[in-house]
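Below are some notes on the side-chain contacts, for reading alongside the model. Please check them against the coordinates.

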Amino acid sequence: DTVVVVASDLAEEDAVAKPALPEAERVRPMRDLLCELDPAAGATFSGNFAQLRERLLQMDPLNPQHVARVNRAEAEFWRLSTGERIGDSTDILGFECG
């Protein structure tokens with residue numbers, strides 16, 4: 001199992017954030033899965049993380065093994081999303097939940 005933890009703390013005045021990888025790199029596990037399952041769609045799909053996850057799940061939503069594969073790819077997306085941001089908490093805590 002994978003758990004995502006988000007923390008919102010006050011930053012020190014001289015703090016420097018450790019940014020996450022660019023989204024194109026973070027979605028690679030999900031895009032690779034789409035390419036494996038539907039090569040034509042994988043080559044042309046240009047959606048964001050939530051759209052990519054939705055596309056993958058729509059392929060076989062009642063198959064537990066398929067959903068588990070999508071979940072593993074999503075877990076890798078979140079692992080690759082590790083990083084820090086410094087900014088207003090209303091901007092940081094808002095996220096795309098798909």
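**Notes on side-chain contacts**

1. Phe77 is buried, at a relative accessible area of 3% (buried means under 20% relative accessible area, exposed over 50%, partly exposed in between; 1.4 Å probe, protein chains only). The model is predicted: local features need pLDDT of at least 70, side-chain atom pairs count only at pLDDT 80 or more, and totals for chains, interfaces and linings use all residues. Residues are numbered from 1 along each chain as its sequence is written, and side-chain values use heavy atoms, with hydrogens and water left out.

2. The structure has 3 aromatic pairs (rings of Phe, Tyr and Trp, the last by its six-membered ring, with centres within 6.5 Å; planes under 30 degrees apart are stacked, over 60 edge-to-face, the rest tilted). One of them is Phe49 with Trp78, edge-to-face at 5.5 Å centre to centre and 75° between the planes. Phe49 lies in helix α4 and Trp78 in helix α5, so this pair ties together parts that are 29 residues apart in sequence (helices are DSSP runs of H or I, at least four residues, numbered from the N terminus).

3. Phe49 is buried at 5%, whereas Trp78 is partly exposed at 30%. The rings of Phe77 and Trp78 are also edge-to-face, because their centres are 4.9 Å apart and their planes stand at 75°. Phe49, Phe77 and Trp78 make up one aromatic cluster.

4. There are 4 salt bridges (a side-chain nitrogen of Lys or Arg within 4 Å of a carboxyl oxygen of Asp or Glu). Among them, Glu36 meets Arg69 at 2.5 Å, N to O. Since Glu36 is in helix α2 (residues 28-37) and Arg69 in helix α5 (residues 64-80), the pair ties together parts 33 residues apart in sequence. Arg69 is partly exposed, with a relative accessible area of 29%.

5. Asp38 and Arg55 form another salt bridge, at 3.0 Å, N to O. Arg55 belongs to helix α4 (residues 49-58), and the pair ties together parts that are 17 residues apart in sequence. Asp38 is partly exposed at 21%, as is Arg55 at 24%.

6. What do the side chains of Arg53 and Glu74 form? They meet in a salt bridge of 2.4 Å, N to O. Arg53 sits in helix α4 and Glu74 in helix α5, so parts 21 residues apart in sequence are tied together. Arg53 is partly exposed at 25% relative accessibility, while Glu74 is buried at 14%.

Notes. Helix = DSSP H or I, 4+ residues; strand = E, 2+ residues; numbered from the N terminus.
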